[in-house]
Amino acid sequence: MATEQDTVEIWNTYGTHQLTRGLQLPELDRWDWGIPETGPGINALGEVAGLRVLDLGSGLGRHAANLAALGAKVTAVDTSPAQHQRALTRYQDHPGLHLVCADAVAHLHAADPYDLIYSVGSVPYLDPNRLLSALAKGLKPGGRLVFSALHTNSDSAGPSNEVTPRPEILRLPGTTQDHPVNMWSSACSCGKTSWSSTASPWNRSQRSTPRRRTTQSPTGCTRPAVRHACRAVPAPTHLPRRTPPSGSV
Ligand SMILES: C[S@@+](CC[C@H](N)C(=O)[O-])C[C@H]1O[C@@H](n2cnc3c(N)ncnc32)[C@H](O)[C@@H]1O
């Protein structure tokens with residue numbers, strides 16, 4: 001938890017910086033998964049109207065507001081008070097949207113289960129050893145989990161076979177100030193490793209996505225993909241070294 005807490009403090013620095021800048025980002029005109037104009041779009045979530053939905057690590061809250069406008073009952077949880085404040089400043093009275101400042105794992109243990117949990121770029125900041133069991137509890141049977149995670153870090157390293165955090169750089173937008181954060185970038189579809197082994201209780205209890213025959217991954221694994229309840233949306237991005245792992249969100 002200490003590693004995660006350090007990273008949360010950096011996100012708080014980031015949020016405070018964005019509050020101070022007063023940057024006004026436009027509403028989403030096309031759903032993205034962290035990297036604009038790439039990826040499958042909102043269709044990856046399926047039908048959302050009437051569903052109880054959690055946005056995990058919601059930041060400014062634009063995705064959550066977008067889904068609420070489509071008729072979902074959305075809770076947007078972010079553990080950084082500054083990021084939460086950014087969302088409150090913009091969406092406090094947004095119909096269908098409930099903004100919560102809390103650790104996502106604590107929230108999942110306390111809240112009633114959700115029909116759909118999604119996350120745009122935030123899952124890799126949480127230790128899967130504690131996150132995945134919370135997701136198992138936090139999703140209704142048959143519920144859906146959809147998240148995006150960077151495929152390649154700023155050092156050009158692909159997903160790791162080990163469930164271990166590795167350093168990444170977060171740059172404060174509009175500055176040259178870099179901050180170290182930690183991310184778990186695990187090879188999520190690869191045999192016995194990382195996501196699949198830590199996710200096993202949850203794999204058994206939830207609906208599977210269609211099986212792919214083989215998996216190509218930078219780790220060289222060609223095993224058939226295991227059945228997952230989740231759909232991981234890869235951001236097919238190679239980040240040039242020292243570019244922040246997320247845009248100006
Ligand atoms: C890359 S940002 C993504 C923000 C938002 N999903 C978006 O795309 O605009 C990651 C967010 O995860 C949040 N976060 C990190 N650890 C968290 C935790 N344990 N619980 C909830 N939120 C967390 C950070 O505060 C930050 O706002």
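Helix 1 gives the largest share of the shell around the ligand, and that share is three residues. Bear in mind that this is a predicted model. In total, 22 residues surround the ligand. The closest of these are Trp11, Gly57, Gly59, Ser80 and Val249. Strand 2, residues 73–78, also supplies at least two residues of the shell, as does helix 1.

What is the make-up of the shell by class? There are nine nonpolar, ten polar and three charged residues around the ligand.

Now to helix 1 and its neighbour in the fold. Helix 1 covers residues 2–21, and helix 3 covers residues 81–91. Their axes come within 6 Å and cross at roughly 35°. Which residues meet there? On the helix 1 side they are Trp11, Asn12, Gly15, Thr16, Gln18 and Leu19. On the helix 3 side they are Pro81, Ala82, Gln83, Gln85 and Arg86. Sorted by class, this contact has four nonpolar, six polar and one charged residues.

Last, the protein as a whole. It has seven helices and eight strands. Of its 249 residues, 43% are buried. As for contacts, take those with a separation of 6 or more: 69% of them are between residues 24 or more positions apart.

To recap, helix 1 supplies three residues of the ligand shell, and its axis comes within 6 Å of that of helix 3.

Key: Residues numbered from 1 in each chain as written. Predicted model: local features only at pLDDT ≥ 70, side-chain atom pairs only at ≥ 80, totals over all residues. Axes fitted to C-alpha atoms, helices over the stretch in contact; angles between N-to-C directions. Helix = DSSP H or I, 4+ residues; strand = E, 2+ residues; numbered from the N terminus. Contact = placed C-beta atoms within 7 Å. Nonpolar A, V, L, I, M, F, W, Y, C, P; charged D, E, K, R; others polar. Near = placed C-beta within 6 Å. Buried ≥ 20, exposed ≤ 12 C-beta atoms within 10 Å, placed from the backbone.
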